[in-house]
Amino acid sequence: MSFKRVISKFLVFIFVVNALVICNYKTVKAEDYWPSSVDVVAESAIIMEQETGTILYSKNIDEVHFPASITKIMTALIVLENCELNETVKFSAEAVYGTELGSSSIARDVNEEMTVEQTLYGMMLESANECAYALGEHVAGDIPSFVKMMNAKAKELGCTNTHFNNTNGLPDDEHYTTAHDMALIARAAYAIPKFAEIVGTKNYTIPPTNKHPDPTPLNNHHQMLHYYKSNKYIYDYCLGGKTGYTVVAG
């Protein structure tokens, strides 16, 4: 064996050993800083690093559940990919009256006009279901067509156990997802700066419209970001997000 070949093999061996040592060192350091006992009450949970998609924590991440209003993350993602923020959204009778009575709303009227941006704030901060409905109609013409866009996008993002059947997340047996799939959807949404800006906003005011002479104040319902019914969950490093709740979803 030539001297050069011996030296080459020796250098490769040194490189591999160093790489293994570095990898093991990083693993140990990560373990040093990771919580020793993570107690998650939810039936399913995931922590995914946004830039790389690395999964840092998982619990039943492929288990199917009803998503409730976190559905609106997907609705917002599709709207932001297909609309300009200054486009005019006109609220139809179906948008105003076509959602469950008593569910989240900012009390819009038939033929009321707002911009896409204002409607997104209404949907993501106050979880207004009529805003989700109106945005779906604005983008696709009708809700079934928008739902097809939602499911196509889910497939594009690599979701494997998700099927959407509305824009707002109200109970529907054909409307379900998993923690892992929602993490993939949220990761794509957070890659859009305007999405991150909206869900990280504590308060927003919709100016007077053609149907409402007074401004409409909005407050973010995310209790880790902003006071909403309680301040015990406030976390200084929270960048925002979307909450969701229905009795069926739990």
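1. The model is predicted: local features need pLDDT of at least 70, side-chain atom pairs count only at pLDDT 80 or more, and totals for chains, interfaces and linings use all residues. Residues are numbered from 1 along each chain as its sequence is written, and side-chain values use heavy atoms, with hydrogens and water left out.

2. Y204 is buried, with a relative accessible area of 18%; buried means under 20% relative accessible area, exposed over 50%, and partly exposed in between (1.4 Å probe, protein chains only). Y121 also counts as buried, at 3% relative accessibility.

3. The structure holds 3 aromatic pairs, a pair being rings of Phe, Tyr or Trp (its six-membered ring) with centres within 6.5 Å; planes under 30 degrees apart count as stacked, over 60 as edge-to-face and the rest as tilted. The rings of Y121 and Y204 are stacked, because their centres lie 3.8 Å apart and their planes are at 0°.

4. Salt bridges number 5, each being a side-chain nitrogen of Lys or Arg within 4 Å of a carboxyl oxygen of Asp or Glu. One of them joins R108 to E112, with the closest N and O atoms 3.0 Å apart. R108 is buried at 4% relative accessibility, and E112 is buried at 0%.

5. K194 forms a salt bridge with E117 (2.6 Å, N to O) and another with E197, where the closest N and O atoms are 2.8 Å apart. K194 is buried at 16% relative accessibility, whereas E197 is partly exposed at 41%.

6. A network of salt bridges links E81, K153 and E156.
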